[in-house]
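Reader: Hi, can you walk me through this one? Please keep it short and plain.

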Amino acid sequence: MTKQAWRLSLILLLTVSVGLILSLMIVSADFGTNWTGQFYNCVDLSCGVVETETYANGLNFDWDANPEDDDGNLLTNVNADDFTARFTSTQTFSAGTYEFQVTANDGVRLYIDGVLTEINDFEDNALTTYVLSIELSAGDHSLSVEFLNNDGDAILQVQWFLDNSATSTPAAT
């Protein structure tokens with residue numbers, strides 16, 4: 001191998017190595033898909049559902065008036081303030097430890113497989129991000145997010161990350 005070929009091989013190897021290291025460092029958030037939202041014109045989910053919408057691309061909202069559908073159209077049957085919503089979806093997860101991050105400007109609760117998690121603050125709050133680390137088995141898991149908007153902008157963002165730094169023990173089959 002010539003000296004020039006050796007240098008080119010070394011440069012190529014370094015370039016591929018740096019690219020691989022950078023790709024491993026990129027953290028990818030998942031907002032999920034195919035959420036169903038049921039909206040209520042009360043602050044405790046106790047009155048009847050006034051609107052049902054599907055959100056194909058996850059829960060990542062910043063509504064300054066009435067809530068909107070997936071196309072950005074106002075849900076005029078829903079109050080601009082003093083409303084609640086319940087969003088449900090079934091998502092498929094690989095086995096591992098996940099970090100859930102839920103940001104809301106008022107109240108929010110997160111249920112996984114019907115169990116209320118530590119993200120449980122259903123009252124008027126400033127914009128807050130809640131973080132939960134949880135081990136999930138491989139397969140489908142039901143998620144439910146309850147959201148309260150008392151007044152002002154309605155902000156809700158629900159995302160999760162697979163924690164590659166955590167070590168997990170595979171479940172027995």
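Author: Here is a quick tour of salt bridges, the sheet, one threonine and the aromatic rings. This is a predicted model, where local features need pLDDT of at least 70, side-chain atom pairs count only at pLDDT 80 or more, and totals for chains, interfaces and linings use all residues. Residues are numbered from 1 along each chain as its sequence is written, and side-chain values use heavy atoms, with hydrogens and water left out.

Reader: OK. How many salt bridges does the structure hold?

Author: It holds 2. A salt bridge here is a side-chain nitrogen of Lys or Arg within 4 Å of a carboxyl oxygen of Asp or Glu.

Reader: Which residue forms a salt bridge with arginine 86?

Author: Glutamate 146 does, and the closest N and O atoms are 3.1 Å apart. The pair links distant parts of the chain. Glutamate 146 sits in strand β9 (residues 139-149) and arginine 86 in strand β4 (residues 83-93), 60 residues apart. Strands are DSSP runs of E, at least two residues, numbered from the N terminus.

Reader: And what about arginine 109?

Author: The side chain of arginine 109 meets glutamate 146 in a salt bridge of 2.7 Å, N to O. Again distant parts of the chain are linked: arginine 109 is in strand β6 (residues 107-112), 37 residues from glutamate 146 in β9.

Reader: Is glutamate 146 buried or exposed?

Author: Glutamate 146 is buried, at 6% relative accessible area. Buried means under 20%, exposed over 50%, and partly exposed in between, with a 1.4 Å probe and protein chains only. Arginine 86 is partly exposed at 23%, and arginine 109 is partly exposed at 22%.

Reader: New topic. In what order do the strands of the open sheet run?

Author: The 6 strands go β2-β1-β4-β9-β6-β7, with antiparallel pairing. Two strands pair if DSSP finds at least two bridges between them.

Reader: Which strands stand at the edges?

Author: β2 (49-55) and β7 (115-121) do. Each has a single partner strand, so one side of each is left without a neighbour in the sheet. Strand β1 (residues 35-40) pairs with β2 in the antiparallel sense over 6 bridges. Tryptophan 35 has tyrosine 55 in β2 as its bridge partner.

Reader: Where is threonine 103 found?

Author: In strand β5 (residues 96-104). Threonine 103 counts as buried, at 12% relative accessibility. Its side chain is joined to that of threonine 129 by a polar contact of 2.8 Å. A polar contact is a pair of N or O atoms within 3.5 Å; within protein, one must be able to donate a hydrogen and the other to accept it, and residues adjacent in sequence count only if both atoms are side-chain atoms.

Reader: Last one. How many aromatic pairs are there?

Author: The count comes to 12. Rings of Phe, Tyr and Trp (its six-membered ring) pair if their centres lie within 6.5 Å; planes under 30 degrees apart count as stacked, over 60 as edge-to-face and the rest as tilted.

Reader: Why is the pair of phenylalanine 61 and phenylalanine 87 called tilted?

Author: Because their planes stand at 40 degrees, with the ring centres 5.8 Å apart. Both phenylalanine 61 and phenylalanine 87 are buried.

Methods: Helices (H or I, at least four residues) and strands (E, at least two) are DSSP runs, numbered from the N terminus.
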